Amino acid sequence: MRSLSRRDSLAHSFLQPRVERRIGETRLELLHVTVFCSSIAELPFSAGTVVVKLGGQRLRKPILLAAIYAGRAVVIAIFLAVPLTPLSVSVFAIAIGLLWMSTVPLTNGTIASIFGVEHLSMLGGVVFLCHQVGAFLGGWLGGVVYDATGRYDAMWTMSIGLMSRRQVFWKRAA
């Protein structure tokens, strides 16, 4: 249920204003675009998680985490660069769906390999708590940027920069 609310939050907070500004659709049509994007992201969520879990059993987890963060940065950069159409929004939703929750098995596997499985649930909870604090701060900062500029473009650019930085961090950890 938590991934559902995060996905909906992403769609409503960031996709909806972009679609509204660029396509100029009515509120009802915007709701349909948002619900459609949320729906088509569900299967890639699951598929990305399973594929990455299998890859994490064969390859080094920090390398895969670096690739996921680099992939997210590339997908967002492409999404910002291409004209906004229902097709581009749908492709973005599928691509982000593949990459969004795929870090969970790798993160848990990394925690287990460093600290062992004895305290995995507690350490996983700490990681999850830190993630939620970061998600709150990111959402809040996105709102601050929007209030100051009337656009989300600076927030998207900061997201690309932070993901690129994380990619470098995980590559060094490998």
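In this predicted model, Ile68 makes contacts with Val52, Leu99, Ser102, Thr103 and Leu106, once neighbours within four places in sequence are set aside. Ile68 belongs to helix α4. With a relative accessible area of 5%, Ile68 is buried, because that value lies under 20%.

Helix α4 covers residues 61-81 and helix α5 covers residues 86-100, and their axes lie 10 Å apart at an angle of about 170 degrees. Because this angle is over 145 degrees, α4 counts as roughly antiparallel to α5. On the α4 side, the contact is formed by Ile68, Gly71, Arg72, Val75, Ile76 and Phe79. The α5 side contributes Ser88, Val89, Phe92, Ala95, Ile96, Leu99 and Trp100. Sorted by class, this contact of α4 with α5 comprises 10 nonpolar residues, two polar ones and one charged one.

Two of the partners of Ile68, Thr103 and Leu106, are also found among the buried residues of helix α6, together with Gly109, Thr110 and Ile111. Helix α6 runs over residues 103-115, and its 13 residues reach 18 Å from the first C-alpha to the last, close to the 18 Å expected at 1.5 Å a residue. Directly after α6 comes Gly116, which adopts a positive phi of about 85 degrees.

Helix α7, spanning residues 120-149, has 30 residues. From first C-alpha to last, α7 reaches 42 Å, close to the expected 44 Å at 1.5 Å a residue. The buried residues of α7 are Gly124, Gly142 and Val145. A glycine with positive phi follows here too: Gly150 comes after α7, with a phi near 80 degrees.

Turning to charged side chains, the structure holds one salt bridge. The pair consists of Asp153 and Arg151, whose side chains meet at 2.2 Å, N to O. Side chains of opposite charge can pair when their charged atoms come close. Asp153 has a relative accessible area of 21% and is therefore partly exposed, as the value falls between 20% and 50%. Arg151, at 37% relative accessibility, is likewise partly exposed.

Conventions. Residues numbered from 1 in each chain as written. Predicted model: local features only at pLDDT ≥ 70, side-chain atom pairs only at ≥ 80, totals over all residues. Heavy atoms only, no water. Axes fitted to C-alpha atoms, helices over the stretch in contact; angles between N-to-C directions. Helix = DSSP H or I, 4+ residues; strand = E, 2+ residues; numbered from the N terminus. Parallel < 35°, antiparallel > 145°, perpendicular 65-115°, else oblique. Contact = heavy atoms within 4.5 Å. Nonpolar A, V, L, I, M, F, W, Y, C, P; charged D, E, K, R; others polar. Salt bridge = Lys/Arg side-chain N within 4 Å of Asp/Glu carboxyl O. Buried < 20%, exposed > 50% of the residue type's maximum accessible area, 1.4 Å probe, protein only. Expected span 1.5 Å × (residues − 1).
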